[in-house]
Amino acid sequence: MNKHLIDLMERILNFPDDIISEELTEELIEYLSDSTLICPVDDDTLIGLQLGANTFIPACSDIERFREIFPNSNPKEVEFRKFSNYISDDMSGILINPGITGFVVSPAISRMVFAKISDRNKPPVTKGYDVKVRLNDLRPLTWRDLIIPENITFMELDDILKTLWNFNGHHLSCFLIKKDDLIIIDRKLSEETMMGCDFDANTTIIDDIFEKYDKVTYWYDFGDDWRFDIEIKKKIDYDKNYVTIKRYKGKYDPIEDCKGVYGLSEIIYLAENPDGEDMYGFGDWVDYLEEFDMEYAQRLLKNKGYVKSIWRQCDEGL
């Protein structure tokens, strides 16, 4: 068995948190989706193993090794197939290189893998939303014009906006519909913060809201109070499954934990006026100020492949 995959699975199985890191998930998906595996077949049916309530599909790089481990299976044929060909609605797990040296990929991780590869195999979306995302209360005006694909969840939109504005994601966030005083938030987060929840960000599709309202506010970091108005201009034909940045205004990215727009304004002033008076003690923050790099941000957004909402739901066993 490939040593890289063994090392990767050990890292996943030994990961200290309940939710494994995005990097590990991505690495597993990238490795498996491009791998050619051997799967024994018997009478044109993939041999499945039943472990408890979960069905596992055996995949092995050595058919003789497979026969040693499962002497009673006696498969008549061996199939070489891309991992993505194993995707099936009735699968809930994967068994890689079964046996003492093998690894069982849990159903939660399996669903993450299936969701990612299934997403890759989906036909391209045909519609998108032309939107303007404006950072409120900052001068000079700072905004990004985007095309966002239809049929994504607000949890995915949350991840997109964090990437776009260079936030690390360590703070709480939600969406507000001011017109009707509604909140779109992770339901578990709403229970922990007692903020209320009109729509669960994990399951609510943006189309459900964008078709009804022309403006939604994104609220990031309830302490620094970053607020961004998302103006939904129109629905258009769009054949990409990632966000496109059309144009932008505003030279700088926000800075985490700088006291929000007030602090950012002072930092920008000091950066552009190095001899100016540092009245509020923001001089040391100037080194953290970064200019918005549209090309780099676009690359990050284009590479967004995992579906955040499905990833979270799978881990919670939903």
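1. Overall make-up. The chain holds 10 helices and 15 strands. The model is predicted. Of the 318 residues in the chain, 48% are buried. Among contacts with a separation of 6 or more, 67% come from residues 24 or more positions apart.

2. The sheet. Eight strands make an open sheet with mixed pairing. The order is S12-S11-S10-S13-S14-S8-S9-S15. Strands S12 (199-200) and S15 (244-249) are the edges, and each pairs on one side only. Helix H5 (residues 154-164) packs on this sheet. H5 touches S8 (127-135), S9 (143-149), S10, S11 (182-185), S13, S14 (226-237) and S15. The directions of H5 and S10 make an angle of about 110 degrees.

3. Strand S13 and its partners. S10 (residues 173-177) and S13 (residues 215-220) run antiparallel and are joined by four bridges. Ser-173 has Tyr-220 of S13 as its bridge partner. Phe-175 stands opposite Tyr-218 in S13. S13 also pairs with S14, again in the antiparallel sense, over six bridges. There, Trp-219 stands opposite Arg-227 of S14. Five of the six residues of S13 are buried, so the strand is largely enclosed by the rest of the structure. In general, strands of a sheet pair through backbone hydrogen bonds, either parallel or antiparallel.

4. The S13-S14 hairpin. Five residues lie between the two strands. Asp-221 in this hairpin takes a positive phi near 65 degrees. As background, most residues other than glycine have a negative phi.

5. Aromatic pairs. The structure has 14 aromatic pairs. One of them joins Phe-154 and Phe-175 edge-to-face, at 5.0 Å centre to centre and 65 degrees between the planes. Phe-154 belongs to helix H5 and Phe-175 to strand S10, so this pair ties together parts 21 residues apart in sequence. Both residues are buried. Phe-154 also pairs with Phe-210, edge-to-face, at 6.1 Å centre to centre and 85 degrees between the planes. Phe-210 lies in helix H7 (residues 206-210) and Phe-154 in H5, so this pair ties together parts 56 residues apart in sequence.

6. Burial of these rings. Phe-154 has a relative accessible area of 0% and is buried. Phe-210 is at 5% relative accessibility, and it too counts as buried. What else belongs to the aromatic cluster that holds Phe-154 and Phe-210? The cluster also takes in Tyr-129, Trp-165, Phe-167, Phe-175, Tyr-218, Tyr-220, Trp-226 and Phe-228.

7. Charges over rings. Lys-132 places its charged end over the ring of Trp-143, 3.4 Å from the ring centre.

8. Helix H9. Which residues of H9 (residues 294-302) are buried? They are Ala-297, Gln-298 and Leu-301. These residues cover an arc of only 100 degrees around the axis, which puts them on the same side of H9. An α-helix has 3.6 residues a turn, so residues three or four places apart point the same way. The buried residues of H9 pack against H5 and S15.

9. Arg-299. This residue also lies in H9. Arg-299 counts as partly exposed, at 45% relative accessibility.

10. A cis peptide bond. The bond from Arg-139 to Pro-140 is cis, with omega near 5 degrees. Pro-140 is placed in the loop between S8 and S9. In general, most peptide bonds are trans.

11. Positive phi in loops. Met-194 has a positive phi of about 55 degrees although it is not a glycine. Met-194 is in the loop between helix H6 (187-193) and S12. Its relative accessible area is 76%, so Met-194 is exposed. Lys-259 likewise has a positive phi, near 75 degrees, and is a residue other than glycine. Lys-259 sits in the loop between S15 and helix H8 (260-272). With a relative accessible area of 54%, Lys-259 is exposed.

Methods
Residues numbered from 1 in each chain as written. Predicted model: local features only at pLDDT ≥ 70, side-chain atom pairs only at ≥ 80, totals over all residues. Heavy atoms only, no water. Pairing = 2+ DSSP bridges. Contact = heavy atoms within 4.5 Å. Axes fitted to C-alpha atoms, helices over the stretch in contact; angles between N-to-C directions. Phe/Tyr/Trp six-rings, centres within 6.5 Å; stacked < 30°, edge-to-face > 60°. Buried < 20%, exposed > 50% of the residue type's maximum accessible area, 1.4 Å probe, protein only. Lys NZ or Arg CZ within 6 Å of the ring centre and 35° of its normal. Arc of directions from axis to C-beta.
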